[in-house]
Amino acid sequence: REAAVIVVRAIVEALGGVRPVSHLAGWTTPRLQSDLERIAAQLSDRRHGQVRSVRVSEPRPGVAEVSAVITRGARAAALALRMEAGGGRWRVTTLQVG
């Protein structure tokens, strides 16, 4: 759960322009890193976001499905991500921003 909270906060900060997207490289696959860079570049509204809640489910060992509620200004949004363990660390393999 702790790794999921750290990653969600880092994603929110990167999409809000507080942190460079490159800081997520150790937590993501190369494909997802490229997607995040594209998404961040397309965002015209770079407001600070706040993480309101994070829920983690482990459907099987080495796989975590994470959902989070974030706020950006007066608006709430959801993040859903899948993390997989490998090589002694967790990596985000799939991300959906709603």
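I began with glutamine 33, which is buried, with a relative accessible area of 8%; here buried means under 20% relative accessible area, exposed over 50% and partly exposed in between, for a 1.4 Å probe and protein chains only. The model is predicted, so I note that local features need pLDDT of at least 70 and side-chain atom pairs count only at pLDDT 80 or more, while totals for chains, interfaces and linings use all residues. Residues are numbered from 1 along each chain as its sequence is written, and side-chain values use heavy atoms, with hydrogens and water left out.

I placed glutamine 33 in helix 2, where helices (H or I, at least four residues) and strands (E, at least two) are DSSP runs numbered from the N terminus. Not counting residues up to four places away in sequence, glutamine 33 touches Val21, Ser22, Leu24, Ala25 and Thr28, a contact being heavy atoms within 4.5 Å. The side chains of glutamine 33 and threonine 28 are joined by a polar contact of 2.9 Å; such a contact is a pair of N or O atoms within 3.5 Å, of which, within protein, one must be able to donate a hydrogen and the other to accept it, and residues adjacent in sequence count only if both atoms are side-chain atoms.

Leaving aside neighbours within four places in sequence, glutamate 65 is in contact with Arg55, Val56, Ser57, Pro59, Leu81 and Arg82, and its side chain makes a polar contact of 3.4 Å with the side chain of arginine 82. I also looked up threonine 94, 29 residues from glutamate 65 along the chain, and found their C-alpha atoms separated by 9.5 Å.

Of its 24 residues, Val8, Ile11, Val66, Leu79, Leu81 and Met83 touch the most other members. Two or more residues each come from helix 1, helix 2 (30-42), strand 2, strand 3 and strand 4 (89-97), and the largest share, 9 residues, comes from helix 1. Leaving aside neighbours within four places in sequence, I find isoleucine 11 in contact with Leu24, Leu79, Leu81 and Leu95. As background, nonpolar side chains tend to be buried together in soluble globular proteins.

Terms used:
Core = buried A, V, L, I, M, F, W, Y, C linked by side-chain atoms within 4.5 Å.
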